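Subject: Structure for you, with notes

Hello,

Here is the structure I promised to pass on. Could you open it alongside this email and read the notes with it in view?

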Amino acid sequence: MSYVDEVIEQVVSQNPNEPEFHQAVKEVLESIRVVVDQNEEQFRRDALLERLCNPERQIKFRVPWIDDKGQVHVNTGYRVQFNSAIGPYKGGLRLHPSVNIGIIKFLGFEQIFKNSLTGLPIGGGKGGSDFDPKGKSDREVMAFCQSFMSELCKYIGADTDVPAGDIGTGAREIGYMFGQYKKLRGLFEGVLTGKGLSYGGSLARTEATGYGLLYLTEEMLKCHGVDMKGKTVTVSGAGNVAIYAIEKAEQMGAKPVTCSDSTGWVYDPDGIDVAALKEIKEVKRQRLTEYKKYRPNSEYHEGKGVWTVKSDIALPCATQNELDLEDAKMLVANGVIAVCEGANMPTTAEATKYFQENNVYFVPGKAANAGGVATSALEMSQNSERLSWSFEKVDGELKGIMVRLYHNIDDAAKKYGFEGNYVVGANIAGFEKVVDAMNAQGIV
């Protein structure tokens, strides 16, 4: 049995009931097999893949908090510090009922390679809780965040581990967590990113993941002789990533026509109204059922269906495994030319394979949505310098990172004979940098 197959088998047996983590490990190790096979003797001797697939540290803790009626609730908190070979652990905090250790490990493992691809000195980590901020008052959210940070603060720091926002963790939650960290540790430092502008946050951070997704998509299409202008775009999701992907796509002259949330989806043949979407989701925190009040010509549908709409470019920006094989077949039949992931692993392995077999340009999330963590690292730089950069400077840095990132994954794919396969290219390019650092630092 090959070394790659041995390690995949080991990961599955040692981490039962963690399908998302198994999926992430298989996808990465299969796509770097060509590199591992060339160095199998050395990698096996050094147990390199075992060290790569086992987190350096896993932290699990209880989070007790009191609701507005005086009832005590207990949630579970997690922080997985996966790999610090190229810098302090960096990755978001997800607050959602679906959160469990397997999902946090899958996200943390992916984060190693995503962070490596940015070219910035940040390692991979992830955290969160099964707490659901939806429907909670500000005081209840504050009570949870303060309890959560009371334990998490023991394991993080500006040069150790720098968490960020994710699903369920926005500016409000980051603010409450930062305040508690500062109170308990007595330190005003860049320990969290996604902070408010008045206390060390970065301009363009809110827009970064969505904007970065489009910068990479535009560069990829340009290199294949395709212009973004006039293209129809389907987008899933209605959070930060989706909203600012839609905004940037419109600025580039494309026409995004869909968005979705957990209850349904919108089709607007005239192009999504970004101002209305921001009002509904960022200001009023309502469901997309409200969208039709702003745009009577639009359609609202319950359930899932974004990928049934005919489009040139598809941008899944919601959550993991939202785009399956049937969706992929529908998109290909409707003539899609590119699929770029705004969320983390939103496309199933079967759907990814189908896109590649049908010559659709497919870029995985670890590359396509790296703009968010890249700008988080830029926020860390500003905090270290005690400076605030202009929106234009941050946005310019972001665009440069995403353009270079595309060319890095394209070059890596070509180098190993997989031209056009950006999954292989992203994994190899991210892997090579991490491996160089791990080898240089010895068996630790």
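First, the ground rules. This is a predicted model, in which local features need pLDDT of at least 70 and side-chain atom pairs count only at pLDDT 80 or more, while totals for chains, interfaces and linings use all residues. Residues are numbered from 1 along each chain as its sequence is written, and side-chain values use heavy atoms, with hydrogens and water left out.

Helices

Helices (H or I, at least four residues) and strands (E, at least two) are DSSP runs, numbered from the N terminus. Helix H2 (residues 19-31) and helix H6 (residues 101-117) have axes that come within 7 Å and cross at roughly 25°. The axes are lines fitted to C-alpha atoms, for helices over the stretch in contact, with angles from 0 to 180 degrees between N-to-C directions. H2 and H6 are therefore roughly parallel to each other; angles under 35 degrees count as roughly parallel, over 145 as roughly antiparallel, 65 to 115 as roughly perpendicular and the rest as oblique. On the H2 side, the contact (heavy atoms within 4.5 Å) is made by Glu-20, Phe-21, Ala-24, Val-25, Glu-27 and Val-28. H6 brings Gly-102, Ile-103, Lys-105, Phe-106, Phe-109, Glu-110 and Phe-113 to this contact. Sorted by class, the contact of H2 with H6 has eight nonpolar, one polar and four charged residues. Here Ala, Val, Leu, Ile, Met, Phe, Trp, Tyr, Cys and Pro count as nonpolar, Asp, Glu, Lys and Arg as charged, and the others, Gly among them, as polar.

H6 also meets helix H18 (residues 422-440): their axes come within 8 Å and cross at roughly 85°, which makes H6 roughly perpendicular to H18. Ile-112, Phe-113, Ser-116 and Leu-117 of H6 make the contact with residues of H18 including Ala-426, Phe-431 and Val-434. By class, this contact of H6 with H18 has seven nonpolar, three polar and one charged residues.

The sheet

Three strands form an open antiparallel sheet in the order S8-S9-S10, where two strands pair if DSSP finds at least two bridges between them. S8 (258-260) and S10 (299-302) are the edge strands, each with a single partner, so one side of each has no neighbour in the sheet. Direction ignored, neighbouring strands are turned by 20° against each other on average. Three bridges join S8 to S9 (residues 264-267), and Ser-260 stands opposite Trp-265 in S9.

Asn-17 lies in the loop between helix H1 (3-14) and H2. Its phi is near 60°, a positive value in a residue other than glycine. Asn-17 is exposed, at 76% relative accessibility; buried means under 20% relative accessible area, exposed over 50%, and partly exposed in between (1.4 Å probe, protein chains only).

Asn-321, in the loop between strand S11 (313-316) and helix H13 (325-333), has a positive phi near 55°. Asn-321 is partly exposed at 29%.

Which side chains does the side chain of Asn-344 join by polar contacts? They are those of Lys-114, at 2.8 Å, and Asn-369, at 3.4 Å. A polar contact is a pair of N or O atoms within 3.5 Å; within protein, one must be able to donate a hydrogen and the other to accept it, and residues adjacent in sequence count only if both atoms are side-chain atoms. Asn-344 is buried at 12% relative accessibility, in the loop between strand S12 (338-340) and helix H14 (349-357).

Best wishes
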